[in-house]
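Here is a quick walk through one model, written for someone who has the sequence and coordinates open. Take a look at it first, and then we can go through the parts one by one.

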Amino acid sequence: MSSAEEDYNFVFKVVLIGESGVGKTNLLSRFTRNEFNHDSRTTIGVEFSTRTIVVGDATVKAQIWDTAGLERYRAITSAYYRGAVGALVVFDITKHQTYDVVDRWLKELYDHAEPSIVVMLVGNKTDLAQAREVPTEEAKMFAEIFQKVQKQKQRSSQSSTVSLGSENPESSAPAQGEKRPCCV
Ligand SMILES: Nc1nc2c(ncn2[C@@H]2O[C@H](COP(=O)(O)OP(=O)(O)OP(=O)(O)O)[C@@H](O)[C@H]2O)c(=O)[nH]1
Ligand SMILES: [Mg+2]
């Protein structure tokens, strides 16, 4: 490959989701360019940036998709969840309303993304601790409960797939010498 930036072993797609104004675009610009903008404009649709990092022996290119939080772009943005291996669900610790709707964002995510997606809940704007409306413990507890429920769901869907696949194998195989009615 031509440049160091292009020299990588894996590309991981990650999506940033959450209410408008929680700071998704700034999280991304800080991570990819170390930039912060005090009056950034609302994102229209989706944008993406990348940053290549070394993890153990592998060089990983994180391809991070920043989505618009505004409701009117929802149909466009949810189309970008497909193929993502990770998602950051972001809320603003100084605005309880942005935390109250996190479960809606999660539902939206799981409706469109792979069930195996790794999700992280991010309480942003921690520099404004004096205006905090969402206690850390509350958000932590929510994340832990959500993770447990999600794991249980995954386990039960895996076991039902196995039992569907292996259910009564004799019933689908014709007995020796027996002829099954078939199609024309
Ligand atoms: N104090 C403080 N302000 C922040 C922080 N992150 C973002 N902001 C400010 O919050 C406002 C919204 O930030 P954005 O990054 O544009 O928010 P967004 O989530 O991308 O919003 P949409 O694109 O509309 O979905 C901007 O004025 C930012 O400067 C932070 O960590 N601390
Ligand atoms: Mg934005």
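## A threonine tucked away

You'll find T67 in strand β3, which covers residues 58-67. A polar atom of the T67 side chain sits 2.7 Å from the backbone oxygen of L16. Keep in mind throughout that this is a predicted model.

## The overall layout

Stepping back, what does the secondary structure of the protein chain come to? Six helices and five strands. Read along the sequence, they follow the pattern β-α-β-β-α-β-α-α-β-α-α. The protein chain has 184 residues, and 31% of them count as buried.

T25 belongs to helix α1 (residues 24-33), while T43 is in the loop between α1 and β2 (46-55), so the pair ties together parts that are 18 residues apart in sequence.

T25, at 25% relative accessibility, counts as partly exposed.

## Around ligand 1

Now for the other ligand. Ligand 1 sits in the largest pocket. There are 20 residues around ligand 1, and S20, K24, N37, S40 and T42 come nearest. Which element gives the largest share of the shell around ligand 1? That would be α1, with three residues.

A polar side-chain atom of N26 is 2.9 Å from an oxygen atom of ligand 1. For H38, a polar backbone atom lies 2.8 Å from an oxygen atom of ligand 1. As for how much of the ligand is covered, ligand 1 taken alone exposes 660 Å², and the protein buries 85% of that.

## A closer look at H38

H38 makes its contact with ligand 1 through the backbone, and its place is in the loop between α1 and β2. Buried or exposed, then? H38 counts as exposed, at 74% relative accessibility, because the cut-off for that is over 50%.

How far apart are the C-alpha atoms of H38 and N26? They are separated by 8.8 Å, and the two residues are twelve apart along the chain. Both residues have a polar atom facing up to ligand 1 in the contact list: N26 with a side-chain atom at 2.9 Å, H38 with a backbone atom at 2.8 Å.

## Two positive phi angles

N34 has a positive phi of about 55° although it is not a glycine. N34 lies in the loop between α1 and β2 and, at 57% relative accessibility, counts as exposed.

K125 is the other one to check: its phi is positive too, at about 70°, and K125 is not a glycine either. Where does K125 sit? Its place is in the loop between β5 (118-124) and α5 (136-166). With a relative accessible area of 24%, K125 is partly exposed.

Technical notes:
Residues numbered from 1 in each chain as written. Chains lettered and ligands numbered in written order. Predicted model: local features only at pLDDT ≥ 70, side-chain atom pairs only at ≥ 80, totals over all residues. Heavy atoms only, no water. Helix = DSSP H or I, 4+ residues; strand = E, 2+ residues; numbered from the N terminus. Buried < 20%, exposed > 50% of the residue type's maximum accessible area, 1.4 Å probe, protein only. Near = heavy atom within 4 Å. Polar contact = N/O pair within 3.5 Å; in protein donor to acceptor, adjacent residues only side chain to side chain. Areas by Shrake-Rupley, 256 points an atom, 1.4 Å probe, with all protein chains shown as cover. 1 Å grid on protein atoms, 1.4 Å probe; cavity = no way out; pocket = protein on both sides within 12 Å on 5 of 7 lines; lining within 4 Å. Sits in = over half its atoms within 2 Å of the grid points.
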